[in-house]
Amino acid sequence: MMSEGLIWFGQLLSKCRRDDRAVEVFRQATQIAPDKLECWLELIRQQLRLGLSGPAEESLELAREKLAGADRDIVEAATFVNVLENRTGLKIACIEEIAYTQGWIDRAQLEANIAKLGKSSYGAYLRNFLAGR
């Protein structure tokens with residue numbers, strides 16, 4: 001029960017833009033309940049949101065060690081996607097990239113989406129994608 005409270009508190013902190021504190025709260029949740037997938041997903045999501053790809057990769061590796069069964073399979077799939085994206089420099093199922101390439105959104109709409117992403121690694125990927133067009 002304690003881990004659910006920490007997850008809730010971390011989500012609240014994130015919504016209030018207390019991002020560094022949210023990472024710490026999610027990290028505490030993984031220490032209290034290292035076998036709970038939700039704790040790891042929230043920590044990794046927050047780290048990626050902040051553009052902390054190195055710590056997110058470390059958290060993915062720790063999650064692989066701590067989780068078992070189907071939860072471990074999910075983390076291993078995420079790790080596979082992460083490795084593939086890092087090695088190729090491409091994003092898998094990048095919704096904005098697909099929508100732009102298919103003509104479903106125009107350049108202005110893509111630029112508006114990129115602006116919302118700020119300095120995240122995902123935003124940087126989309127900026128590079130757009131610059132190459």
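Let me begin with a term: helices here are DSSP runs of H or I with at least four residues, numbered from the N terminus. This is a predicted model, where local features need pLDDT of at least 70, side-chain atom pairs count only at pLDDT 80 or more, and totals for chains, interfaces and linings use all residues. Residues are numbered from 1 along each chain as its sequence is written, and side-chain values use heavy atoms, with hydrogens and water left out.

Now, the pockets. A pocket, on a 1 Å grid over the protein atoms alone, is an open set of points where a 1.4 Å probe fits, with protein on both sides within 12 Å along at least five of seven lines; lining residues have an atom within 4 Å of a point.

The second largest pocket has H4 as its main contributor, giving five residues, the largest share of the lining. Arg-27, Trp-40 and Lys-66 are among its lining residues.

What about the largest pocket? Its lining has 23 residues, and Leu-48, Asn-82, Glu-85, Lys-91 and Ser-121 lie nearest its centre. Helices H3 (37–49), H4 (53–66), H5 (69–88) and H8 (121–131) each give two or more residues to that lining. H5 gives the most, with six.

Finally, let's visit Val-25, which sits in helix H2, residues 19–32. Is Val-25 buried or exposed? Val-25 counts as buried because its relative accessibility is 1%, where buried means under 20% relative accessible area with a 1.4 Å probe, protein chains only. Leaving aside residues up to four places away in sequence, Val-25 touches Leu-6, Phe-9, Gly-10 and Leu-13, a contact being heavy atoms within 4.5 Å.

Technical notes: Buried < 20%, exposed > 50% of the residue type's maximum accessible area, 1.4 Å probe, protein only.
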